[in-house]
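This report describes selected features of one protein model. The sequence and the structure are shown first, and the description follows.

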Amino acid sequence: MTVHKYGIIMNGVTGRMGTRQHLIRSILAIREQGGVLLENGDTIMPDPILVGRNENKLKALSEEHQIERWTTDLKEALSDDYNRIYFDSQTTSRRSEGIKQAIEAGKHIYCEKPTATTLEGSLELAKLAEDAGVKNGVVQDKLFLPGVMKLKRLIDAGFFGEILSVRMEFGYWVFEGDWQEGQRPSWNYKQEEGGGIIVDMFPHWRYVLDHLFGSVKAVSCTAATHIPRRVDEEGHEYEATADDAAYGTFELEGGAIAQVNSSWAVRVNRDDLLTIQVDGTEGSAVAGLRGCKTQHRVNTPKPVWNPDLENTIKFQDQWAEVPNNTLFENAFKIQWELFFKHVHQNDPFPWDLLEGARGTQLSDLGLQSSKERRWLDVPELSVEGVDKHANIN
């Protein structure tokens with residue numbers, strides 16, 4: 001059997017998520033398991049080269065994880081034919097330029113989202129990749145979370161009957177940085193640096209809603225900056241110019257309504273940092289990151305509104321856990337393995353740069369809806385007619 005080595009340019013993995021999820025939990029975990037096993041018995045073995053702007057961080061990360069290859073020179077990495085895949089997890093404002101260089105160098109593209117700071121920029125990348133004939137994919141990790149996969153299992157089994165509504169609650173309190181260090185980098189709260197919870201999270205909600213419940217057809221959104229001033233990593237106070245909370249309502253194909261609250265200024269009183277409740281004519285479910293519980297119509301209690309009497313129903317006890325019935329791997333690692341198979345043997349991979357553009361589209365429309373205080377339709381997207389030479393960075 002043959003081992004197929006793939007040089008992987010990993011740009012921007014010195015950040016928290018890039019290091020933890022993409023490098024350690026995905027690429028290094030794949031190497032430790034002996035590569036990605038193919039049906040014919042061959043394996044794909046990723047060989048990362050770390051790329052970034054900070055030489056000290058790159059050197060330290062490489063030494064910690066015994067990675068031989070690293071460089072601050074992206075052009076040098078792109079010029080090496082051994083490196084066949086380019087991965088980008090830089091900050092949003094830097095991502096587009098790196099992807100463009102990689103496409104021009106003929107590399108297959110896999111990247112974090114948002115893929116660009118504007119819809120036009122995201123569509124341009126999709127067009128460039130299509131014209132260059134390079135395979136491309138965008139990280140859509142929430143689809144591979146155990147809780148979401150259990151929801152998909154219920155949908156495929158027809159558990160809900162007709163789906164009526166989806167309610168999603170996401171977020172937690174991000175410390176302001178004065179008396180406790182914030183859990184997120186300061187650029188997240190600066191619009192001029194590509195920050196904001198709508199830009200960060202609406203691409204996630206787009207693919208979750210589209211792939212599970214029905215395409216998003218219209219959006220109404222209210223954005224807020226609840227914490228107007230924060231303290232950065234150096235201890236300097238700054239003005240938060242980006243939204244830290246968003247309250248969105250989405251009309252879905254088929255008639256279901258989704259309500260999604262996203263906030264970095266909310267204290268958690270729910271089962272998980274993300275919960276998704278789905279209500280249907282035959283049953284309901286509530287999923288978190290890993291767990292999922294259900295209530296069928298025959299198990300639904302019959303409450304009666306009477307504020308003069310103590311409630312006697314223990315509502316939380318009326319739900320049943322969906323069993324694992326399988327071993328769930330890391331969500332990022334699952335999608336990495338699927339992308340390797342897509343590149344090597346053309347396995348299906350629907351989460352391409354055009355899908356990434358759909359996420360950016362919903363972010364743009366969410367911000368516009370909030371600014372104009374009105375509902376907006378979500379039109380279909382394609383790369384046809386995109387000016388790939390426009391200066392839209």
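Which residues lie nearest the centre of the second largest pocket? The model examined here is predicted. In this model, Gln-277, Val-286, Lys-293, Gln-316 and Trp-319 lie nearest the centre of that pocket, out of 17 residues that line it.

## The second largest pocket

The second largest pocket holds about 390 Å³ of space. Three elements each contribute two or more residues to its lining: strand S8 (163–171), strand S14 (274–280) and strand S16 (292–296). The largest share, three residues, is supplied by S8.

## Packing of helices H5 and H9

Helix H5 (residues 119–132) and helix H9 (residues 353–372) have axes that come within 8 Å of each other and cross at roughly 175°. H5 is therefore roughly antiparallel to H9, since angles over 145 degrees fall in that category.

On the H5 side, the contact is formed by Leu-119, Ser-122, Leu-123, Leu-125, Ala-126 and Ala-129. These residues meet Leu-353, Leu-354, Ala-357, Thr-360, Gln-361 and Asp-364 in H9. Sorted by class, the contact of H5 with H9 comprises eight nonpolar, three polar and one charged residues.

## His-342 in helix H8

His-342 belongs to helix H8, which spans residues 331–345. Its relative accessibility is 11%, so His-342 counts as buried, the limit for that class being under 20%.

When residues up to four places away in sequence are not counted, His-342 touches Lys-135, Asp-347, Pro-348 and Phe-349.

## Asn-346 in the loop between H8 and H9

Asn-346 is located in the loop between H8 and H9. Is this residue buried or exposed? Asn-346 is exposed because its relative accessible area is 53%, and the exposed class begins over 50%.

Leaving aside residues up to four places away in sequence, Asn-346 touches Lys-135 and Lys-341. Asn-346 and Arg-373 are 27 residues apart in sequence, and their C-alpha atoms are 44 Å apart in space.

Notes: Residues are numbered from 1 along each chain as its sequence is written. This is a predicted model: local features need pLDDT of at least 70, side-chain atom pairs count only at pLDDT 80 or more; totals for chains, interfaces and linings use all residues. Side-chain values use heavy atoms; hydrogens and water are left out. Axes are lines fitted to C-alpha atoms, for helices over the stretch in contact, and angles run from 0 to 180 degrees between N-to-C directions. Helices (H or I, at least four residues) and strands (E, at least two) are DSSP runs, numbered from the N terminus. Angles under 35 degrees count as roughly parallel, over 145 as roughly antiparallel, 65 to 115 as roughly perpendicular and the rest as oblique. Contact means heavy atoms within 4.5 Å. Ala, Val, Leu, Ile, Met, Phe, Trp, Tyr, Cys and Pro count as nonpolar, Asp, Glu, Lys and Arg as charged, and the others, Gly among them, as polar. Buried means under 20% relative accessible area, exposed over 50%, partly exposed in between (1.4 Å probe, protein chains only). On a 1 Å grid over the protein atoms alone, a cavity is a set of points where a 1.4 Å probe fits but cannot get out, and a pocket is an open set with protein on both sides within 12 Å along at least five of seven lines; lining residues have an atom within 4 Å of a point. Grid points are joined across faces, edges and corners, and a volume is the space filled by probe spheres set on the points.
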